[in-house]
Amino acid sequence: MNDRAGRRRARRLAIGTAVVLALAGMNGPWLYRFGTAKYHQYQINKPEYKAANGKWEIVRFPKEYRQNTIHAALLRTGKVLLVAGSGNNQDNFDAKRFDTRIWDPVNGTIKKVPTPSDLFCTGHTQLANGNLLIAGGTKRYEKLKGDVTKAGGLMIVHNENPDKPITLPAGTTFTGKEGGKTFVSKDPVVVERATKVFDKKTGKFLRNDPGLGRIYVEAQKSGRKYETGTQDNYRIRGLTGADARNTYGIAQKLALDKKDFQGIRDAFEFDPVAEKYIKVDPMKEARWYPTLTTLSDGKILSVSGLDDIGQLVPGKNEVFDPKTKKWTYTPKIRQFPTYPALFLMQNGKVFYSGSNAGYGPDNVGRDPGIWDVAGNQFTKIPGLSDAKEMETSGTVLLPPAQDEKFMVIGGGGVGESAQSSNRTRIVDLKADSPRFVDGPTLEKGTRYPQASILPDDSVLVSGGSEDYRGRGNSNILQARLYHPDTNTFESVADPLVGRNYHSGSLLLPDGRVMFFGSDSLYGDAANTKPGVFEQRIEIYTPPYLYRDSRPSLSGGPQTIARGASGTFTSPQASVIKKVRLIRPSASTHVTDVDQRSIELAFTVTGDKVKVTVPQNKNLVQSGWYMLFVDDDQGTPSKAQWVRVP
């Protein structure tokens with residue numbers, strides 16, 4: 001136990017003991033009547049307690065402004081973008097009720113924003129111009145096995161004609177050659193022309209490799225008798241001549257099994273000043289549950305997700321160019337589970353921690369490692385404990401970002417597994433041979449932990465549940481501060497609201513942390529009542545904001561280039577001990593690859609603080625940042641917004 005944590009724990013114990021003794025000295029009946037809940041409120045609201053533990057408060061929006069928040073991002077205006085889309089609600093989806101709000105935590109205002117597509121389970125990241133790139137979302141909700149009435153599934157359409165592609169419209173009919181059963185496509189599909197293959201030595205023609213198209217098909221009528229049990233080849237009605245000979249379908253079992261969500265290709269930039277969505281070119285692939293990560297050249301990598309027929313995107317990753325607003329495929333393919341945690345490293349490569357949020361085979365793309373995207377080389381990193389329980393784990397780049405140490409927190413088994421891990425794992429990517437080592441353990445196995453970097457270099461770890469989506473009332477009402485310098489956890493005040501699936505957190509410019517969402521599968525310990533989406537926002541005020549004073553920061557440039565300096569004014573300049581540049585969060589499904597806290601060199605002259613931004617473009621990506629200064633007590637200022645071009 002480090003000295004700081006020990007002193008604060010001792011102080012908390014002393015405060016609690018003194019209060020209990022004082023009350024007991026009055027009379028027992030009064031203490032009994034006071035009640036456990038009221039006593040708890042009395043205790044946690046004492047100034048001494050808040051100074052040691054911080055405080056949680058619930059923000060209650062008027063009923064008409066509440067939503068099922070799935071995604072949240074801090075905008076450069078200091079406001080928070082809250083995105084629900086259809087909010088995991090089939091009725092909203094069917095009625096095309098898609099929801100976005102902007103909340104101003106300073107003025108307490110909330111505003112509805114027109115939402116152009118169902119951005120439920122989209123991907124997002126901060127752009128250099130201060131906009132938020134949002135890509136993907138929902139085309140169709142999943143259907144559980146008991147709700148599926150028409151047999152269906154994936155049809156692979158083959159085109160053996162090397163001279164032209166072929167387009168099949170929605171409603172195309174496929175009839176099995178062996179079983180004779182008929183299925184109908186739900187969407188149009190373009191099947192590329194076949195590729196001619198020649199012998200590399202002789203140049204002799206060998207064969208045509210057919211072009212392939214993937215399409216979801218469904219039986220025309222309901223009932224189990226329309227299922228197929230095995231693979232079959234399918235004739236395509238309406239084709240004649242050479243098209244009929246060259247084009248056909250192949251499908252495996254088409255059944256009444258569960259049908260997964262389907263994704264969309266739509267992409268938008270959200271403008272925080274105009275407070276509206278701006279449509280950009282759609283992605284090449286439809287994606288539901290994708291991750292967006294900024295690359296070394298400033299382009300945005302889009303990875304994984306379920307496609308427009310509910311299949312895991314087969315490793316066809318793509319990049320968005322903010323200049324042209326267009327998408328292109330990466331030269332090579334690499335497959336990951338959905339919402340993979342991918343972070344740009346200081347050498348320009350991408351670190352995959354192994355964290356992900358839920359769809360994909362248990363043996364595909366789950367090993368952590370370092371990915372050279374351009375060459376598609378992937379180097380695995382060993383040492384990961386509870387490696388089979390990485391789904392719904394959280395990953396955070398520990399402050400300061402220059403150290404390039406990552407912590408992986410908790411996690412659970414693949415799918416709806418009840419398994420959960422109480423491990424934290426830490427990897428130093430600057431080591432000669434990086435490998436994971438265990439950090440301090442959590443008290444309980446934890447799925448869906450929220451982790452937010454604070455300006456004093458601690459990391460707030462809170463919430464989650466022991467079981468899948470909080471089954472069995474397994475939400476964890478605990479919070480910890482992780483201190484990277486001592487590799488220890490420190491207990492702080494407990495949150496008031498349970499948070500599991502569809503929840504997240506982000507740091508606000510005033511140094512507080514906002515928590516949103518939670519989508520419990522059940523509402524009782526017996527798992528008999530359906531859960532209700534948690535619409536309350538909760539704010540945690542860390543202990544550092546209950547000290548006597550905090551430093552202030554003003555003036556200075558709004559833009560500082562990499563390698564350049566800017567001078568700010570602070571009456572407390574003489575006691576400034578740290579300067580941090582923190583990238584604003586874009587959080588969903590325990591995935592927040594944007595947040596990072598960068599250490600800035602600084603000098604003090606009188607009441608002036610001159611700060612210098614590092615030169616590495618991979619460490620300091622172009623965009624808007626919160627600039628904090630910390631005093632000698634570890635108390636941060638309110639943030640100044642600074643743009644790094």
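How much accessible surface does the protein have, and what share of it belongs to carbon and sulfur atoms? In this predicted model, the accessible surface comes to about 27,200 Å², and carbon and sulfur atoms account for 49% of it. Of the 645 residues, 56% are buried.

The secondary structure consists of six helices and 48 strands. The radius of gyration is 27 Å, close to the 26 Å given by the globule rule for 645 residues, so the protein is as compact as a globular protein of that length. Along the principal axes, the C-alpha atoms fill a box of roughly 95 × 60 × 45 Å. When contacts between residues at least 6 apart in sequence are considered, 61% join residues at least 24 apart. The side chains include 89 positive and 68 negative ones, and the centres of these two sets lie 2 Å apart.

Strand S12, formed by residues 182-185, pairs with two strands described here, S11 and S16. Thr 182 and Val 184 point one way from S12, whereas Phe 183 and Ser 185 point the other way. All four of these residues are buried.

The pairing of S12 with S11 (residues 173-176) is antiparallel and extends over three bridges. Within this pair, Thr 175 stands opposite Thr 182. The two strands form a hairpin with five residues between them, where Gly 180 takes a positive phi near 75 degrees. S12 and S16 (residues 211-219) also run antiparallel and are joined by three bridges.

Technical notes: Residues are numbered from 1 along each chain as its sequence is written. This is a predicted model: local features need pLDDT of at least 70, side-chain atom pairs count only at pLDDT 80 or more; totals for chains, interfaces and linings use all residues. Side-chain values use heavy atoms; hydrogens and water are left out. Helices (H or I, at least four residues) and strands (E, at least two) are DSSP runs, numbered from the N terminus. The radius of gyration is taken over C-alpha atoms; the globule rule is 2.2 Å times the number of residues to the power 0.38. Buried means under 20% relative accessible area, exposed over 50%, partly exposed in between (1.4 Å probe, protein chains only). Contact means heavy atoms within 4.5 Å. Accessible areas come from the Shrake-Rupley method with a 1.4 Å probe; for residues, only the protein chains shown count as cover. Lys and Arg count as positive and Asp and Glu as negative; His and the chain ends are not counted. The place of a charge is taken as NZ of Lys, CZ of Arg, CG of Asp or CD of Glu. Two strands pair if DSSP finds at least two bridges between them.
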